[in-house]
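Here are some notes for a first look at this structure.

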Amino acid sequence: MIRWWIYALQLAELLVSSLVHVLYGLYIFSTAVAGDLSQALTDRFFKPNANIEVKSEDPSGTNVDDLPPIVLVHGIFGFGKGKLGGFSYFAGAEKKDERVLVPDLGSLTSIYDRARELFYYLKGGQVDYGEEHSKAYGHSQFGRIYEQGNYPQWDEDHPIHFVGHSAGAQVVRVLQQMLADKKFKGYEDTSENWVLSITSLSGAFNGTTRTYFDGMQPDDGKTMKPLSLLQLCRVGVIIYDWLDISWLKDYYNFGFDHFNMSRKKLGAWGLVDCLLGNAGPFATGDWILTDLTIQGSMGMNSHLQTFPNTFYFSYATKRTTKILGVTVPSGILGIHPLLFIRVLQMSQWRHPPDVPPPYKGYRDEDWQENDGALNTISMTHPRLPIEHPSRLVVNDSDCLPLQPGIWYYKIVEADHILFIVNRERAGVQFDLIYDSIFERCRKHVFRKTPQTLPNQAP
């Protein structure tokens with residue numbers, strides 16, 4: 001009888017969680033559509049005078065295009081410029097600097113695939129996922145074509161600043177390792193020094209226990225539980241890609257086009273095959289959730305380095321506190337409704353006693369502080385399976401001048417989505433975080449000589 005009650009509670013939690021996620025997705029989608037309609041009506045009825053041309057001269061003579069770009073890389077379920085109309089994943093933070101790029105990468109594709117896409121977004125050309133990888137995971141070797149790269153001059157003399165949110169931070173680390181290992185065919189001169197700095201916002205460096213709550217099996221970190229939120233997500237994504245409604249996918253795309261799951265290529269039986277788990281990204285494990293388990297992150301981290309000439313920064317977020325030694329959510333009003341239950345669940349995390357721990361020295365209490373999506377211990381710096389050099393920062397001025405090859409990290413009271421999507425939620429904290437990131441990139445991080453900003457005299 002008790003077992004049936006437990007099953008009933010688990011099913012109720014699954015239904016509520018699914019409903020909340022669907023409603024939030026619809027909110028984002030409808031907000032984007034409403035924004036686009038409003039902009040279209042404004043352009044239609046209040047057209048600016050096309051005969052008036054305003055030119056601005058930069059008194060310093062420095063071209064904005066000469067600045068190293070700051071590239072904002074979105075996380076899971078995210079999107080870049082050009083998707084969801086005029087809606088901004090980074091809540092308009094890209095407008096804070098003259099030279100910011102916001103690529104649109106696969107929102108659920110693996111970190112490996114997203115790193116490959118990011119390279120060709122910047123350099124231009126057709127995305128090459130690599131012959132060996134493509135054969136191993138059953139998808140096309142080649143993907144989207146970028147006729148013109150967004151920063152084709154990218155090289156060691158023209159390095160880039162990267163800012164990654166959530167899984168986006170790990171995407172940039174994988175890309176930097178690929179550059180160091182010269183993994184891009186036709187580009188034999190790549191190196192880790194193409195990356196000037198990496199800044200992480202709630203970065204997924206060491207995995208998250210959230211994946212196990214949502215449906216990944218804690219014993220291997222690869223397979224899914226038969227009844228879970230991730231199974232419902234899997235079915236929805238497969239059907240979405242199979243229907244292949246062009247205008248809808250132009251608006252939002254999960255990024256699995258290279259798996260060729262369209263109805264035009266698979267047919268009805270192909271759809272059944274994917275739904276049964278015999279084909280597609282969820283069958284081969286080439287999607288982002290396997291990379292976000294503790295086991296998946298450890299496997300990835302074992303091949304990733306912290307390089308001596310790159311500057312590293314991290315903002316680790318948490319929305320928990322301890323009361324009489326028990327970790328609990330730090331409040332109600334400050335946590336997004338989508339994340340409150342998730343913060344509570346993760347704060348009570350216990351690794352299954354019948355499953356071996358993911359690494360030697362594992363303790364449940366180390367993984368209980370969280371922001372509703374990631375554990376705080378995972379966000380500070382890469383630490384599993386080998387701890388990388390790091391330094392806790394309380395005041396920014398305490399760590400100047402900055403040294404490369406060290407992960408400077410701060411602990412910030414915030415949930416996982418405070419600094420994205422909705423700027424008003426974060427208020428002044430939003431400006432403080434992004435202003436400090438962009439100021440650091442422009443004034444304190446340089447490899448040779450300080451750069452001249454457009455509004456400064458040489």
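1. The model is a predicted one. A place to start is Thr 293, whose side chain comes to 2.9 Å from the backbone nitrogen of Gly 296.

2. Thr 293 sits in the loop that joins H10 and H11. Is this residue, Thr 293, buried or exposed? Buried residues have under 20% relative accessible area, and Thr 293 counts as buried because its relative accessibility is 0%.

3. Leaving aside residues up to four places away in sequence, Thr 293 is in contact with Gly 207, Thr 208, Thr 211, Tyr 212, Met 216 and Gly 221.

4. Helix H11 covers residues 294-301, and its buried residues are Ile 294, Ser 297, Met 298, Met 300 and Asn 301. Viewed down the axis of H11, these buried residues lie within an arc of 165°, so they line one face of the helix. As background, an α-helix has 3.6 residues a turn, so residues three or four places apart point the same way.

5. Among contacts with a separation of 6 or more, 70% are between residues 24 or more positions apart.

6. The accessible surface of the protein is about 22300 Å², and carbon and sulfur atoms account for 59% of that surface.

Methods. Residues numbered from 1 in each chain as written. Predicted model: local features only at pLDDT ≥ 70, side-chain atom pairs only at ≥ 80, totals over all residues. Heavy atoms only, no water. Buried < 20%, exposed > 50% of the residue type's maximum accessible area, 1.4 Å probe, protein only. Helix = DSSP H or I, 4+ residues; strand = E, 2+ residues; numbered from the N terminus. Arc of directions from axis to C-beta. Contact = heavy atoms within 4.5 Å. Areas by Shrake-Rupley, 256 points an atom, 1.4 Å probe, with all protein chains shown as cover. Polar contact = N/O pair within 3.5 Å; in protein donor to acceptor, adjacent residues only side chain to side chain.
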